[in-house]
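Take a moment with the whole chain before turning to its parts.

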Amino acid sequence: MPRDIPVGNGSFLIAFDADYTIRDLYYPRVGKENQTLGYPSRFGVWTQEGFSWVNARDWRIALGYLNETLVTDVRASHERLGLQLVCNDAVDFEKNIYVRKVLVRNLRKYERGVRLFFHQDLSVMENEIGDTVFYDAKQNCLVHYKGPRYFLINCSAGDVWGVREYATGIKRLRGAEGTWRDAEDGILGGNPIAQGSVDSTIGIPLEIPPHGEAVVYYWIAAGRNYGEVDALNDILVHDKPQKIIDRTASYWRHWVNKEEFNFGNLPADVVGLFKRSLLVLMTQIDSGGAIIAANDSDIKQFAKDTYSYMWPRDGAMVSYALMKAGYTTTCGNFFNFCANTITPYNFCASVMVEDGFLLHKYNPDGSFGSSWHPWVKGDEIHVPIQEDETALILWAIWRYYDLYRRMDEIRPLYHSFVEKAADFLVSYRDEETGLPLPSYDLWEERRGILSFTAATVYGGLIAAANLSDIFYHTEKASLYRETAAKIKEAIDQYLYSEKHQRFLRMIYPKEGGPLIIKDENYEQDATIDASLYGMFAFGVYDPFDIKIQNTMKAIESALWVRTRIGGIARYENDGYQRIGNDGAIPGNPWIVCTMWLAQYYVSIAKSVEDLERVVNYLRWTVSRALPSGVLAEQINPYTGEPLSVSPLTWSHATVVQTVMDYLEKLQELHTCERCGRSIFHYDRAGRQLLKKHLPAHADAISDQEPIKYLDEAHFKKDGENITVNIDQGRCVGCGICVANANGVIDVVDDKAKIIAGKAADWDIKPGFEKCCPLEAITVKTA
Ligand code: SF4
């Protein structure tokens with residue numbers, strides 16, 4: 001089940017399933033530890049008409065967020081109980097406090113007693129052994145604890161503060177299901193303490209007038225000791241829980257709009273998904289630097305392992321998207337995380353001597369994550385890596401420098417990471433061909449010499465050469481550049497197939513044969529794989545190169561899913577979580593693969609019209625998102641439902657990257673015919689300039705009447721009726737018309753608008769419409 005509406009702050013993450021039940025609670029790191037083990041912490045309601053947990057089928061639930069925030073907007077209604085609930089959940093952007101506000105509406109025309117129940121199924125530090133939960137009479141709350149983890153649960157309803165009704169007890173042991181069962185008669189037992197495998201439930205009684213409302217706040221504070229959670233609880237008592245929700249909403253609204261991009265002609269739903277993607281990404285990234293692939297414990301049912309790891313590949317691509325969108329702190333933290341975790345290959349002394357590569361995946365604390373890559377096959381020693389993971393970090397570091405020129409941040413990375421990693425890439429090659437030696441592929445399914453991996457190694461070495469130039473390590477720069485050139489030659493010779501007129505997915509040593517790729521010693525795997533886009537994405541070939549064009553055409557033709565759902569599959573006959581056996585479907589569509597195709601079309605666009613197909617792909621992604629805007633890894637090719645983990649960080653990052661690629665290209669293509677300079681600027685204010693406050697903030701402090709704006713104005717001039725229309729679809733908000741309109745036009749939300757109060761006096765000049773380079777303005781005289 002997807003995690004539709006995660007809320008978090010980088011060290012405390014709460015993830016709900018589609019039934020609005022808390023399923024994952026991560027603390028103190030995003031991805032570690034999951035204090036619920038994926039078990040549900042229920043939320044229920046008792047009335048005289050009966051009891052129901054909100055995850056029951058008879059609730060109608062809509063899960064979303066308040067616009068441009070990480071505060072949820074959840075609506076739940078129950079016909080038989082005659083109730084509607086409006087809920088807002090937030091994790092404070094700074095403190096480790098989770099707050100839920102519940103507005104309860106009585107839909108009956110008589111006064112009623114209603115009781116809300118909140119259940120906590122915590123298995124502290126990821127196991128059920130040795131937990132304690134007790135009623136704390138000092139703060140009138142419950143506390144779950146074990147070792148250095150404390151969770152304080154409290155509530156308020158109107159003027160009543162603190163927990164008055166509660167149950168603590170044993171769960172999943174000797175037939176005991178848990179205290180949540182105790183709630184179903186509307187009355188809790190009041191047992192003050194339980195130890196071992198425990199859970200707890202609190203009840204909040206309400207009296208609600210006919211067609212009236214009541215508001216309840218519930219919160220969980222997380223800390224390393226009792227004093228810490230006690231202090232967090234004090235903040236709530238003094239500042240009031242609503243303030244936590246309001247300040248969190250304000251923080252994220254400002255955060256997601258800080259760059260004030262001009263989104264040009266991108267549709268509002270695409271802009272909405274871009275902003276939602278940025279926000280969702282921040283829920284999945286640990287404040288210690290680890291960019292986690294996904295935090296959705298339901299995937300355990302598939303392989304008894306999760307995606308709550310930092311995969312260097314995913315992290316590199318996510319950091320690249322974030323840096324393009326102007327969110328640099330996360331990137332710097334991520335690179336530092338990687339520099340600290342690069343692993344000297346010395347823990348099996350007889351195996352190899354190389355060092356300087358990243359392993360399969362990492363826990364959020366930097367330790368090596370679980371892995372299935374063997375260290376040996378028969379007598380042959382295997383290096384258990386996916387080499388693209390090391391190469392892509394190099395590539396991302398260079399892109400970061402190239403965009404922001406932050407010498408102080410890059411300098412400590414050179415010797416600690418760049419040089420070691422690049423030296424490894426140089427050494428880990430086939431002597432005969434110059435290609436990288438076999439490693440596991442980006443999909444983690446096969447081992448060989450992948451086109452994708454080779455492309456990233458090329459890109460990583462060019463990046464390392466550029467960085468070496470900066471620090472004047474000229475010999476290293478030459479070595480890395482020459483090696484990259486040899487790899488490109490080898491890619492041409494071994495990974496491009498004249499027969500297929502496109503790139504192969506990979507070549508690999510024959511079973512039982514030597515590792516060396518020579519003569520007939522290897523097999524070819526010509527499967528069409530969406531990851532072949534890497535050949536242009538990491539700079540090996542120009543996107544206009546015929547080899548790239550043919551390869552991308554083959555991807556689009558073979559991997560587009562030919563159902564009403566559409567999208568690009570990973571590769572031909574992909575079996576991972578496959579739905580059905582329809583031979584016409586290459587595999588489930590993936591968001592990342594579809595966005596790669598969109599990125600290709602951005603790269604080859606020569607006109608604004610060429611970009612239209614990119615908008616179509618972006619809108620496809622909008623249509624495949626959950627109503628909250630969250631994106632899964634894959635999509636059911638028949639129903640469009642999310643598959644595998646959700647949200648997947650990489651899916652959201654590819655949307656962010658594609659939008660930024662699009663805006664850059666739009667800027668490049670919208671140039672003045674006379675002077676050649678751009679007339680559209682997505683980065684309106686420039687990254688070095690002080691930005692103005694958000695319009696929302698300006699509105700809040702102004703008592704003036706809001707200005708009315710029009711797309712079309714009718715007025716008289718010299719006795720003639722004049723109509724001026726601005727086509728909002730064509731306008732990209734470049735602002736040229738503003739300079740020619742004597743204050744009658746303004747650019748609002750990236751579109752030119754006529755100020756209603758000024759149109760009547762507009763001394764419009766003949767031929768005014770010609771000032772618009774995109775022919776978005778028409779003027780009619782009658
Ligand atoms: S000139 Fe005015 S109408 Fe034309 S694109 Fe620019 S802002 Fe829009």
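**From domains to hairpins**

In this predicted model, 32 Å separates the C-alpha centres of domain 2 and domain 4. Nine residues of domain 2 and eight residues of domain 4 make up the contact. What is the makeup of the side of domain 2 that touches domain 4? Five of its residues are nonpolar and four are polar. None is charged.

Those two domains belong to a set. Domain 1 covers 7-256. Domain 2 is built from 257-287 + 560-692. Domain 3 takes 336-554, and domain 4 takes 705-781.

Now the overall form. The C-alpha trace spans about 90 × 80 × 55 Å along its principal axes. A compact globule of 782 residues would have a radius of gyration near 28 Å; the protein has 29 Å, so the two agree. Of the 782 residues, 49% count as buried. Among contacts with a separation of 6 or more, 64% come from residues 24 or more positions apart.

The secondary structure comprises 19 helices and 37 strands.

Strand S5 (residues 43-47) runs antiparallel to S6 and is joined to it by four bridges.

Move on to strand S13 (residues 141-146). Is S13 mostly covered or mostly open, and how many of its residues are buried? S13 is mostly covered, with five of its six residues buried. Strand S12 (residues 131-136) is joined to S13 by five bridges, in antiparallel fashion. Threonine 132 has tyrosine 145 of S13 as its bridge partner. Four residues lie between S12 and S13 in their hairpin. In that turn, asparagine 140 has a positive phi of about 50°.

Strand S14 (residues 149-157) also pairs with S13, antiparallel and over five bridges. The hairpin of S13 and S14 has two residues between the strands. Glycine 147 takes a positive phi near 50° in this hairpin.

Technical notes. Residues numbered from 1 in each chain as written. Predicted model: local features only at pLDDT ≥ 70, side-chain atom pairs only at ≥ 80, totals over all residues. Domains from an automatic or database assignment. Contact = placed C-beta atoms within 7 Å. Nonpolar A, V, L, I, M, F, W, Y, C, P; charged D, E, K, R; others polar. Rg over C-alpha atoms; globule rule 2.2 N^0.38 Å. Buried ≥ 20, exposed ≤ 12 C-beta atoms within 10 Å, placed from the backbone. Pairing = 2+ DSSP bridges.
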